[in-house]
Amino acid sequence: MLVLGTHVSTWLLTASFVIAGAALSLLDLAWNMTVQEKVPEAMLSRIMSIDGFFSFVATPIGQLAVGPLALALGAGRVQLGCFALAVLVGAVAATRRTVTDVRLTGAEPEATGRS
């Protein structure tokens, strides 16, 4: 969002989208692994349904809100504001013990005996 809001070259924009896509894929993998390990099997379907519902509901709400804001403030400013909001949400989440104390307890890789 930062690169998109600053109107830079196509190559930089392409590289930033590749990096953002890889980061979002990694985040999705980590989220799904955490949910599958921490949520009891009997509740897994319900929790994943709730997660999916709120994830998909937020997208059209954001799309509806961003159009009028872009007309009023300018597309670049709205894009930079969305970037700032994303950074703020990430920073707040990173300071919460309920997030930072989560540890996965899955099987450790076996030692191969090689040094």
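## Helices and an aromatic pair in a predicted model

Helix H4 (residues 75-94) has 20 residues, which at 1.5 Å a residue should span 28 Å; its end C-alpha atoms lie 29 Å apart, in agreement with that expectation. The structure described here is a predicted model. Within H4, the buried residues are Gly 76, Val 78 and Gln 79. The cover over these buried residues of H4 includes helix H1 (2-5) and H3.

Helix H3 (residues 41-73) also packs with helix H2 (residues 10-38): their axes come within 10 Å and cross at roughly 145°. The crossing in which H2 passes H3 is right-handed. On the side of H2, the contact is made by Trp 31, Asn 32, Val 35 and Gln 36, and on the side of H3 by Leu 44, Ile 47, Met 48 and Asp 51. Sorted by class, the contact of H2 with H3 comprises five nonpolar residues, two polar residues and one charged residue.

The structure has one aromatic pair. The rings of Phe 53 and Phe 54 have centres 5.1 Å apart and planes at 80°, so the pair is edge-to-face. For an edge-to-face pair the planes must be over 60 degrees apart. The exposure of the two residues is set out below.

| Residue | Relative accessible area | Class |
|---|---|---|
| Phe 53 | 48% | partly exposed |
| Phe 54 | 54% | exposed |

The two classes follow from the cut-off, because a residue counts as exposed over 50% relative accessible area. Phe 54, at 54%, is therefore exposed, while Phe 53, at 48%, is partly exposed.

Terms used: Residues are numbered from 1 along each chain as its sequence is written. This is a predicted model: local features need pLDDT of at least 70, side-chain atom pairs count only at pLDDT 80 or more; totals for chains, interfaces and linings use all residues. Side-chain values use heavy atoms; hydrogens and water are left out. Rings of Phe, Tyr and Trp (its six-membered ring) pair if their centres lie within 6.5 Å; planes under 30 degrees apart count as stacked, over 60 as edge-to-face and the rest as tilted. Buried means under 20% relative accessible area, exposed over 50%, partly exposed in between (1.4 Å probe, protein chains only). Axes are lines fitted to C-alpha atoms, for helices over the stretch in contact, and angles run from 0 to 180 degrees between N-to-C directions. Helices (H or I, at least four residues) and strands (E, at least two) are DSSP runs, numbered from the N terminus. A crossing is left-handed if the near helix is turned anticlockwise from the far one by less than a right angle, and right-handed if clockwise. Contact means heavy atoms within 4.5 Å. Ala, Val, Leu, Ile, Met, Phe, Trp, Tyr, Cys and Pro count as nonpolar, Asp, Glu, Lys and Arg as charged, and the others, Gly among them, as polar. The expected span of a helix is 1.5 Å times one less than its number of residues.
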